[in-house]
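Here are my notes on the model, point by point. Please keep the sequence and the structure open while you read.

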Amino acid sequence: MNTEKVGVIVVGGGSAAFEAAVSARQNGAEKVVMLEKAPEPEFGGNARFSHTGFRFVHSGAAEVREFLPDLDESTFRLMHIPPYTKVDFMADLKRVTQNRINQELAETLVNESNEAVHWMRDVGIKWEPANFVVVDGRHYFEPGIVIHTVGGGQGQLFQWREIATRMGIEIRYESRVHALLGNDRRIEGVGVSNPTGEYDLLADAVILCSGGFQANTEMRARYLGPNADLMKVRGSKHNTGEVLHLALALGAKSSGHWQGAHATPIDAKAPDFESPLRSDGRGNSANRYSYQYGITVNSLGQRFFDEGEAHHSYTYAKTGWAVLGQPGGVAYQIFDQKGIRLLRKDRYSAEDAIEASSIAELARKVGIEPAVLAHTVDEFNRAVRETVNFDPTKPDGKCTADLNPRKSNWANRIDEPPFRAYAVTGGITFTFGGLEVNRSAQVINTSGHPIRGLYASGDILGLFYHNYPSCTGQTRNVVFGRLAGKNCL
Ligand SMILES: Cc1cc2nc3c(=O)[nH]c(=O)nc-3n(C[C@H](O)[C@H](O)[C@H](O)COP(=O)(O)OP(=O)(O)OC[C@H]3O[C@@H](n4cnc5c(N)ncnc54)[C@H](O)[C@@H]3O)c2cc1C
């Protein structure tokens, strides 16, 4: 068996891995090697399929301006950018995880988020405005999410690769880690398989950034429950969880919600793995997140969740589960013209829609009993509180009265034809069960002590429970990746 010794090994080739590798190199690591299981054309993990928005603490417009130096002043002035504070971020994390998130790690994530995103800018990552809705000419963002990387997730990955290569970091593709060498006190290296053979790569520090287990059908069935093996995987097919398994077998402590995962409504026609990208490569065209502007019914024609509970950024990661729980794991998002005017054109194309001039005709085309859908819509329309004004820029309190399930905000009557239906299913993004780390990103063993030399960042961490505030994954990656790179030397 060939053996080689390097300074720092980073397992994975996604955004967390690049952040850890660049941080390690910047902090003085001599030879940093990234091991990416995917072949070069498929490198980069989940970020390839995302626009990679970042949720981070900031003080408002003047600070965000630092990330958008090339944006013309007149466009920038249209952007409504209130501060997003540590208190806001912490409250969001605690609320959506039902207060189960590890308080220490949540504090680390919140407190380090601003510095970490500024660090990305300092090392050369370029930014552009995130998605917004336009009302009276002003651009309104989801709370806390104002920027993403230029070129979306692919853009971020290409930028990272260029920075990493310039810094002398070596990226080995088609290099699958099949063994962790060491024990639950210290790590010594990893076993690597590539198309020509296998070898042991030794180092005093190993940073695990190999993602979740969402692309492993057997593990989904084992941990996430009935029919989870049938879920569509929105991101990389390479995230199959074997490194997580190896770490647990070494004696690492598990953490996070092992029966939980981020699952969102996606186009029912999306492929089983790797949802398609938008034509400009910035994010995913299968996303169906605008359910707050209409109603969602199952194949029986019945509503089954509160489409207006909160901004979609606080509900979308659990709504995929609600859809999967319906007969056949499918549902239909239904909009009238008022809702259609608010849909994102890059995700809700007219070609993908089923359209009709009446609700009964729409039902027939979709395959729902027309009398039931017409009854659902009539009942919904009667329950809408017409005295409250509709306002898509904030939870507007325009709700339904005496209706179960209630719609808490943005409840407009569905009465302006032609109507549209979009068929959706639930797609899994990443799993919530993973490894426990401490504030320094060191992996903890089952006795609660750090395993010397072993660090982790990204979806392999067990951090979230039940739900997730959108765009926290990328921020978690850079916070813990940067800490891992700094502390592992
Ligand atoms: C469609 C979509 C949209 C998203 N949008 C956003 C967003 O806007 N904002 C946000 O914050 N998050 C978003 N996310 C989530 C976010 O992309 C992920 O949380 C994040 O990319 C995880 O990063 P990671 O580096 O931990 O894992 P990944 O990016 O998945 O990378 C894991 C890497 O490990 C490699 N690997 C796996 N096993 C091995 C092995 N045995 N040996 C070597 N390498 C291995 C994989 O090939 C891959 O390169 C989105 C995800 C998807 C799928």
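1. Helices (H or I, at least four residues) and strands (E, at least two) are DSSP runs, numbered from the N terminus. On that scheme, G13 sits in the loop that joins β2 to α1. G13 is buried, at 5% relative accessibility. Buried means under 20% relative accessible area, exposed over 50%, and partly exposed in between, with a 1.4 Å probe and protein chains only. From G13 to G28 is 15 residues in sequence and 20 Å in space, C-alpha to C-alpha.

2. This is a predicted model: local features need pLDDT of at least 70, side-chain atom pairs count only at pLDDT 80 or more, and totals for chains, interfaces and linings use all residues. Residues are numbered from 1 along each chain as its sequence is written, and side-chain values use heavy atoms, with hydrogens and water left out.

3. Confidence comes next. pLDDT is the predictor's confidence in each residue, from 0 to 100. The chain averages 97, and 100% of the residues score at least 70. Strand β7 (residues 132–135) has the lowest confidence, with a mean of 90. Strand β2 (residues 8–11) has the highest, at 99.

4. Which residues come nearest to the ligand? They are E36, N239, E242, D459 and Q474, out of 43 around it. A residue counts as near if one of its heavy atoms lies within 4 Å of the molecule or strand. By class, this shell has 12 nonpolar, 24 polar and 7 charged residues. Ala, Val, Leu, Ile, Met, Phe, Trp, Tyr, Cys and Pro count as nonpolar, Asp, Glu, Lys and Arg as charged, and the others, Gly among them, as polar.

5. Several elements build the shell. α1, β11, α8, β21 and α13 each give at least two residues. The largest share, 4 residues, is from α13.

6. Now the atom pairs. A polar side-chain atom of E36 is 2.6 Å from a ligand oxygen. For N477, a polar side-chain atom is 2.9 Å from an oxygen atom of the ligand. N46 uses a polar backbone atom, 3.0 Å from a ligand oxygen. Alone, the ligand exposes 990 Å², and the protein buries 98% of that. These areas come from the Shrake-Rupley method with a 1.4 Å probe; for residues, only the protein chains shown count as cover.

7. How many disulfides does the whole structure hold? The search finds 0. A disulfide is a pair of cysteine sulfur atoms within 2.5 Å. The C209 sulfur has its closest cysteine sulfur in C488, 10 Å away, which is too far for a bond. C209 is buried, at 8% relative accessible area. C399 is buried too, at 5%.

Methods. A polar contact is a pair of N or O atoms within 3.5 Å; within protein, one must be able to donate a hydrogen and the other to accept it, and residues adjacent in sequence count only if both atoms are side-chain atoms.
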